[in-house]
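The structure is shown first.

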Amino acid sequence: MDATMAQEWTPEFAPLLNFDLAGTLRSASEALAAGRLEPGDDTALALYTLVLQNEPDNADARAGIDAVVTALLLRADQAFAQARFNEVVRIVTTVTRLRPEHPELVVLRAKLDSGREVASLLAEAQRLVEAGSLAAPEGNNAAEIYRQILSRDPNNLGAQEGLARVEALLVNQAASAAESGNYQDSERMLAEAGRVSPGSEAVQDASTRIVELRETRAKELIAEGNAAVEAGDLAVAERALTELEAESAQAEGLEALRTRIESARSYASMRPGQSLSDALSSGGSAPELVVIPLGSYQMGSSEGEADRKSNEGPRFVVSLERGFALARSEISVGQFRSFIGATGYAPSASQNGSSTVYDERSGSMAAKSGVSWQSDHNGKNAAADLPVIHVSWVDAKAYADWLSRETGKSYRLPSEAEFEYVLRASTQTRYPWGDGNPSRLVGNLTGDGDRSESRRNWVNAFPDYIDGYWGPAPIRSFEANRFGIHDINGNVSEWVEDCWHDNYQRSPTDGSAWVNPGCNRRVIRGASWASSPDQARSAFRLTAAPTTTNARLGFRVARDL
């Protein structure tokens with residue numbers, strides 16, 4: 001037996017009768033593996049001791065005692081790092097009894113003496129945390145004490161956790177301040193947290209979160225201001241604008257909100273969303289109109305938008321500066337009939353003797369004779385509540401001019417900028433409903449569930465979508481958008497006032513129509529019942545000669561306020 005073994009502890013007990021040596025060793029090994037070291041009757045130390053009581057020289061038991069000592073010393077280091085000094089003292093006492101000359105005991109006793117001083121510092125740091133002195137004032141705050149401890153013992157878990165707690169408290173306080181709108185205090189607290197833990201991911205994440213909160217609040221204020229403008233409550237809108245200027249002077253949309261508030265004053269006695277219908281001098285009423293809330297938006301598509309066409313850019317800001325109202329729905333066959341009956345006007349299709357219709361046999365568009373404004377998409381008689389189709393830009397302009405004469409008001413076709421503004425209805429997404437395929441019924445569009453009379457289906461259509469129509473639906477068959485306008489995208493495409501230009505370079509920014517004298521092509525906007533998904537995008541635009549007619553093209557009117 002060597003010198004170390006000579007100093008090992010051996011229990012002095014009388015052997016037990018009928019002792020199960022193998023079973024006790026097995027139980028001791030299991031207790032050791034499970035971490036049940038001591039104290040207690042079913043712990044590894046107690047069971048190995050019981051073996052040595054019956055067989056003092058048992059090598060497995062002595063090795064087991066060595067393993068228990070090693071595990072206890074490791075546990076003591078862990079307890080020390082967590083400032084559980086009473087546990088460390090108990091382990092030191094146990095190990096001293098088992099292996100009094102173990103070299104780790106000297107180190108552990110020295111750490112224990114130092115730990116009591118650390119414990120005092122940790123207690124003072126905790127007091128400062130509870131007093132709110134997290135990272136200030138200088139020379140008397142919790143963060144400095146925790147750093148002092150870590151400079152002496154980098155692995156001190158108590159100091160590590162304390163410093164992390166200080167950082168977390170500062171981050172939470174900064175977030176709370178931001179949520180309550182106190183962004184100056186929020187930024188100060190976040191800066192203190194950054195000094196506590198330079199480069200901390202938590203601080204960086206919190207900084208990002210606070211920026212998001214600030215941006216969210218700015219968006220909320222912009223939304224509140226815009227909603228108030230739409231409701232005609234300019235006092236609420238101006239309060240939202242004042243708070244927005246104080247909290248985020250550079251917020252996107254601030255200038256647009258200010259412009260809307262100023263422009264709203266031009267509504268006079270009307271309010272955004274208000275419905276109006278002018279009396280006709282010859283009897284009856286003009287189409288129902290809705291006052292459109294003024295504002296600004298980005299017209300056109302972004303360069304990264306899927307299916308973007310070059311004529312949809314460059315994207316630019318349009319600020320509508322003049323109050324106007326727009327027809328709630330497309331002009332119907334019945335409404336156009338009143339115009340024809342009152343004026344005897346001869347529309348383009350009637351003069352040409354034909355128009356383009358949907359040919360069920362071929363499944364394509366084809367010219368057909370005898371088709372006029374009174375026809376539907378197949379060339380059959382159209383019901384009065386269907387949107388009038390087979391009408392040219394010239395016909396639409398003549399109808400608007402007739403309304404002006406009948407009412408004494410200024411009726412016209414909407415400008416392209418006005419049309420896209422109403423179509424988007426405060427959205428800037430690919431479609432009016434979002435960037436993806438529609439998840440609910442939004443209008444008369446091409447869906448893969450739509451079927452023609454002979455059960456034909458669309459080759460290029462929105463997946464998992466069916467609206468029940470192959471051809472135009474009666475006006476107002478689908479829900480209105482947030483401006484109260486029906487079928488602005490879907491059902492039929494529509495003529496607008498503008499001449500065609502290949503891009504938006506030098507386009508007016510005030511929402512007015514871009515017209516050149518003698519232009520031979522006009523603009524068509526909005527999807528029809530037969531438009532492919534890419535043509536239902538908010539920015540999509542087409543052009544045609546002003547005398548063009550077909551089964552997918554109608555119009556609505558606007559009126560200056």
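A contact is defined here as heavy atoms within 4.5 Å. The structure is a predicted model, in which local features need pLDDT of at least 70, side-chain atom pairs count only at pLDDT 80 or more, and totals for chains, interfaces and linings use all residues. Residues are numbered from 1 along each chain as its sequence is written, and side-chain values use heavy atoms, with hydrogens and water left out.

Leaving aside residues up to four places away in sequence, Asn 491 touches Glu 330, Pro 387, Asn 444, Pro 472, Ala 473, Pro 474, Ala 527, Ser 528 and Trp 529. Asn 491 sits in the loop between α16 (416-424) and β9 (493-499); helices (H or I, at least four residues) and strands (E, at least two) are DSSP runs, numbered from the N terminus. With a relative accessible area of 0%, Asn 491 is buried, a term that means under 20% relative accessible area (1.4 Å probe, protein chains only). A polar atom of the Asn 491 side chain lies 2.7 Å from the backbone nitrogen of Ala 473.

The protein chain as a whole contains 16 helices and 13 strands. Its radius of gyration, taken over C-alpha atoms, is 41 Å, whereas a compact globule of 561 residues would have a value near 24 Å, by the rule of 2.2 Å times the number of residues to the power 0.38. The C-alpha trace spans about 125 × 60 × 35 Å along its principal axes. Of the 561 residues, 49% count as buried. Among contacts between residues at least 6 apart in sequence, 66% join residues at least 24 apart.

How values were computed. Buried means under 20% relative accessible area, exposed over 50%, partly exposed in between (1.4 Å probe, protein chains only). A polar contact is a pair of N or O atoms within 3.5 Å; within protein, one must be able to donate a hydrogen and the other to accept it, and residues adjacent in sequence count only if both atoms are side-chain atoms.
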